[in-house]
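Hello,

Here is the structure I promised to pass on to you. My notes on what turned up are just below it.

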Amino acid sequence: MRFSKKTMAAMLAAAMIVSAVSACGSSSGSTGTTAAAATSAAATTAAATAGSSDSGAAMSDSDRIIAAAQAGKVGNWGLGNEYEIFALLTKYGQENKFLSQAFDMDGFDDDSITLASAMTYNELGLVKNSYEGGYGYGDTVDIIDMNNEGVAMLEDNLFTTKAFAEANPNTVKAFVSASMKGWKYACENPEEAAQIVFEAGSSVSSDHQAYMASEVKKLCETDTNGNKVTDYGKMDENAMQQTLDLAKQYIKLDDSTAAEKLKSLTLDDIRSTAYWTDASVGKFDAPEKKDVSIQLKWLPQAQFMGYFVAKAKGYYDEVGLNVTIVSGGGDIGETTAVNNGTVDFGVTWVSNLISANAGGMDLLEIAQVYQRSGLVLVYKK
Amino acid sequence: MAVKSISKRRSAVQSVVLPLIFGAALITAWQTGLLHILLNTDEYVLPYPTRIITIISENTDKIMVNVWASVQVAVLGLLLGSLLGYLIAIFAATFPKFGSGGLTIVSAFNAIPIVALAPVIINWTKDVSSEAEVRSTFAKIIVVTVVSMASMSVNAYRGLTELPVFSDDLMKTYAAGRLTEFTKLRLPNSVPYIFTALRVSVPGSVISALVSEYFAEYVIGVGRQIRENILIAQYSTAWAYIVTACIVGIVMYAILMVIEALVMKKRK
């Protein structure tokens with residue numbers, strides 16, 4: 001039982017004066033002291049560590065992670081995005097817990113989260129920049145990078161089902177070929193790519209779109225060790241293996257059948273390099289299926305610029321494909337959409353593909369667009 | 001006599017046996033895959049009952065932690081909301097001039113979607129405590145409170161004002177004061193209406209507790225587990241929590257029915 005009777009009583013009392021509570025928006029925790037006092041020890045430690053984090057500048061990343069974890073102020077969105085954070089917390093001997101972070105950075109802004117999850121190309125830009133929707137923190141914030149910490153898991157990929165790939169090998173190769181051509185062009189011309197995405201129905205401002213394109217370019221062209229990558233969409237064996245190993249360790253499934261399956265998965269169960277290899281040298285015939293669709297993981301934004309560029313520049317037409325880009329967002333499950341045939345291709349994180357296959361789906365990664373993790377923890381200096 | 005016992009037996013058949021047969025048929029169709037064909041889905045998105053039950057039995061401890069978190073929010077929010085709703089109804093019945101107008105505003109709360117209300121309240125109550133668990137639970141209780149307040153105030157108001165014909169006049173001829181009139185006439189008259197309100201707000205409180213968990217900072221609860229598992233494509237586990245949520249809702253409703261039967265029997 002996580003609640004003492006005292007806590008409950010304090011909460012009920014607090015409920016009675018809810019209108020009064022709403023008025024005092026300034027100092028955090030002032031009204032909470034009654035309730036927090038009742039929960040005793042945990043709260044005291046939390047307050048102590050939270051207090052010590054104010055001493056700022058001299059802190060190392062490891063101190064910072066430990067302090068935030070002890071105070072329960074590490075944020076993540078959950079929903080399958082939390083495994084790298086778990087790996088990081090484990091590395092520093094901390095409990096695998098996080099605060100559920102909303103899809104804005106208000107929690108970071110109001111200090112209820114001191115180490116907030118952010119994608120380099122999205123939330124980090126909003127925190128730093130002062131354009132529309134930004135928080136304007138500029139250089140007063142710094143980051144802890146999952147790649148440098150050795151807990152990177154690969155994110156945006158390109159996948160389909162094994163059955164679709166086997167039945168339509170030329171469609172798959174043609175799609176990979178044209179898409180990677182789109183990614184290459186987008187990374188070489190990020191500003192133009194951002195404009196193309198913006199015109200295709202962007203969910204964010206054109207300034208943020210341009211920022212995003214420049215950051216996504218880095219993820220496509222740099223591997224987890226910081227080396228340059230020139231082959232767009234290449235599946236790096238070591239990075240893929242590290243992702244799978246971390247996934248096996250940190251994805252906790254309640255379904256024992258799925259948990260068993262997860263343990264037994266190998267790289268060959270989740271990806272095939274054959275399609276990308278043939279696609280990169282143009283070795284494919286006319287596609288079996290010409291009208292295909294791709295489900296994005298999120299709203300239309302430069303995160304997916306390669307596909308928008310390939311469509312706008314006519315690269316899909318060149319290989320005889322008619323492509324529909326289906327945007328995601330909210331609770332749309334891209335793995336489910338591809339698995340049940342609503343769409344033919346999808347973009348997801350490798351860890352999400354792994355848990356889907358453990359749960360019984362038969363998905364196959366055919367290209368790895370992001371070569372390093374885009375997840376960072378951002379903090380105020 | 002004979003006719004009466006037959007009709008009694010028939011009503012027993014209708015209210016117990018038929019639903020049981022329907023339920024058994026549905027579960028059989030589900031387990032044999034017939035349901036999957038009818039609904040045009042696969043055993044992945046709609047797993048077999050046996051698989052769901054296996055997962056529930058293997059994770060009882062974890063499920064109970066989440067059930068307790070959700071039930072706590074639903075019950076506290078329901079009690080608080082119903083109490084506030086009733087007080088609003090008394091106020092409205094006592095001062096009918098602004099009362100009816102005020103009630104319209106309160107009943108408008110009913111129309112606010114929980115998905116819109118929950119994130120707002122969660123942001124709004126961030127200063128309640130430095131402990132995420134406490135402030136999240138608080139915020140979720142407030143969501144349930146707002147939702148259950150509306151149905152109680154509207155129904156209780158009717159119970160307090162729609163009196164049997166001439167009963168009001170009768171009280172006046174006895175020269176009863178307002179307080180006496182309230183305790184002897186209006187309050188007892190409103191009891192059946194309270195249960196009408198609870199029949200709506202008990203399932204409502206469970207639903208709003210589950211939905212508000214989606215947005216809460218502290219990750220716990222049956223609703224949150226449903227969302228987490230669906231998004232990582234663990235449909236069997238998600239279904240285990242969906243079934244759990246149904247059981248929680250049914251048990252709470254059954255408890256209400258028992259209480260209502262006891263109270264109403266006493267009144268007769």
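**Where the two domains meet**

Between domain 1 of chain A and domain 2 of chain A there is one salt bridge, that is, a side-chain nitrogen of Lys or Arg within 4 Å of a carboxyl oxygen of Asp or Glu. A:Asp145 forms a salt bridge with A:Arg372, and their closest N and O atoms are 3.4 Å apart.

Before going on, some housekeeping. This is a predicted model, in which local features need pLDDT of at least 70, side-chain atom pairs count only at pLDDT 80 or more, and totals for chains, interfaces and linings use all residues. Residues are numbered from 1 along each chain as its sequence is written, chains are lettered from A and ligands numbered from 1 in the order in which they are written, and side-chain values use heavy atoms, with hydrogens and water left out.

The domain assignment, automatic or from a database, gives domain 1 (37-153) and domain 2 (158-374) in chain A. The contact (heavy atoms within 4.5 Å) takes 27 residues from domain 1 and 25 residues from domain 2.

Together the two domains bury about 2400 Å², 58% of it on carbon and sulfur atoms; buried area here is the accessible area (1.4 Å probe) that two parts lose on being put together, summed over both. Of the area that domain 1 buries against domain 2, A:Tyr83, A:Tyr121 and A:Met153 supply 32%, more than any other three residues.

There are also 13 residue pairs in polar contact between the domains, both residues at pLDDT 80 or more. A polar contact is a pair of N or O atoms within 3.5 Å; within protein, one must be able to donate a hydrogen and the other to accept it, and residues adjacent in sequence count only if both atoms are side-chain atoms. On the domain 1 side, the elements giving two or more residues are α6 (83-91), β3 (115-119) and α8 (123-128) of chain A, and α6(A) gives the most, with five residues.

Helix α6 of chain A also holds A:Leu89. A:Leu89 is buried, at a relative accessible area of 2% (buried means under 20%, with a 1.4 Å probe and protein chains only). Leaving aside neighbours within four places in sequence, A:Leu89 is in contact with residues including A:Ile65, A:Ala69 and A:Val74. The C-alpha atoms of A:Leu89 and A:Ile65 are separated by 7.5 Å.

Best wishes

Notes: Helix = DSSP H or I, 4+ residues; strand = E, 2+ residues; numbered from the N terminus. Buried < 20%, exposed > 50% of the residue type's maximum accessible area, 1.4 Å probe, protein only.
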